[in-house]
Amino acid sequence: MAKIQAEQPEDCGPARRRGRPVQMDHDAREAAILDAAHELMMEQGFDRVTMAGIARRAGMSKRTLYEYFDGQEALLGQVIARLSASFFRPLPAEDADKPLAERLRFLLTFNKPHGTDQQKREFLRTIIARAQTYPTLARELVQNGHERIIGYVLVELRREIAEGRLCLTEDRAALAAKILVSMVFEDPVPCLLDAGHPEVTPEQLAERRDLAISLFLNGCSV
């Protein structure tokens, strides 16, 4: 597996406060490592993050990091998986009986991650540029972001098909879910290629989402 970058001395920002070690269980310590790595990725860019920098930010030793992760690519892969999984939320059980339009509206609401828009664009540009070198990282972003939301939508469409409320066949449900998701979310390529591309506001995202759902259901409802 390719090593992302040789570790070099660097300014990784303030380290965690030193003193008597804070007692943390396994999950809390792992979360602290992922938080530190995420912060550095947003602040410095993907290419400048090193295990030494993550350890310093987390207030731990590099040895501790390697007890939790096989290497830097595995660690950053988990950061990306956690980040992309936060983009969309699964449908709460208490909302399962709401009308399909409301369920889709909830599922297709994009939750923006922390960080400036410029930081997020640079992060995505780097992942795309390094996709062939570090395919695991790119795969984590796709599987836990784009493919996850398609899966959520597909579950709801299949429920409606089974109840006879959509004029779709089961074998076309997956394609229909992909089409709906593509209708809701604008192609990100222009934004990534053009530094001056205007940022889409939450209001514009909501307007596009609602119109896409309306058009989709008007074409598929019985």
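Is Asp95 buried or exposed? I looked this up first. Asp95 counts as buried, at 13% relative accessibility. My cut-offs: buried is under 20% relative accessible area, exposed is over 50%, and partly exposed lies in between (1.4 Å probe, protein chains only).

Notes on the source. I am working on a predicted model, where local features need pLDDT of at least 70, side-chain atom pairs count only at pLDDT 80 or more, and totals for chains, interfaces and linings use all residues. Residues are numbered from 1 along each chain as its sequence is written, and side-chain values use heavy atoms, with hydrogens and water left out.

Salt bridges. I took a salt bridge as a side-chain nitrogen of Lys or Arg within 4 Å of a carboxyl oxygen of Asp or Glu. That rule gave me 11 salt bridges.

Entry on Asp95. Its side chain forms a salt bridge with Lys98, 3.2 Å from N to O. Lys98 is partly exposed, with a relative accessible area of 37%.

Entry on Arg57. I found its side chain in a salt bridge with Glu39, at 2.9 Å, N to O. Arg57 sits in helix H2 (residues 51–58) and Glu39 in helix H1 (residues 26–44), 18 residues apart. I read helices as DSSP runs of H or I, at least four residues, numbered from the N terminus. Arg57 is buried at 4% relative accessibility. Glu39 is partly exposed at 28%.

Entry on Glu156. Its side chain meets that of Arg103 in a salt bridge (2.7 Å, N to O). Glu156 lies in helix H7 (residues 135–162) and Arg103 in helix H5 (residues 100–107), so the pair ties together parts 53 residues apart in sequence. Both Glu156 and Arg103 are buried. I then traced shared partners: salt bridges join Arg103, Glu156, Arg159, Glu160 and Arg165 into one network.

Key:
Helices (H or I, at least four residues) and strands (E, at least two) are DSSP runs, numbered from the N terminus.
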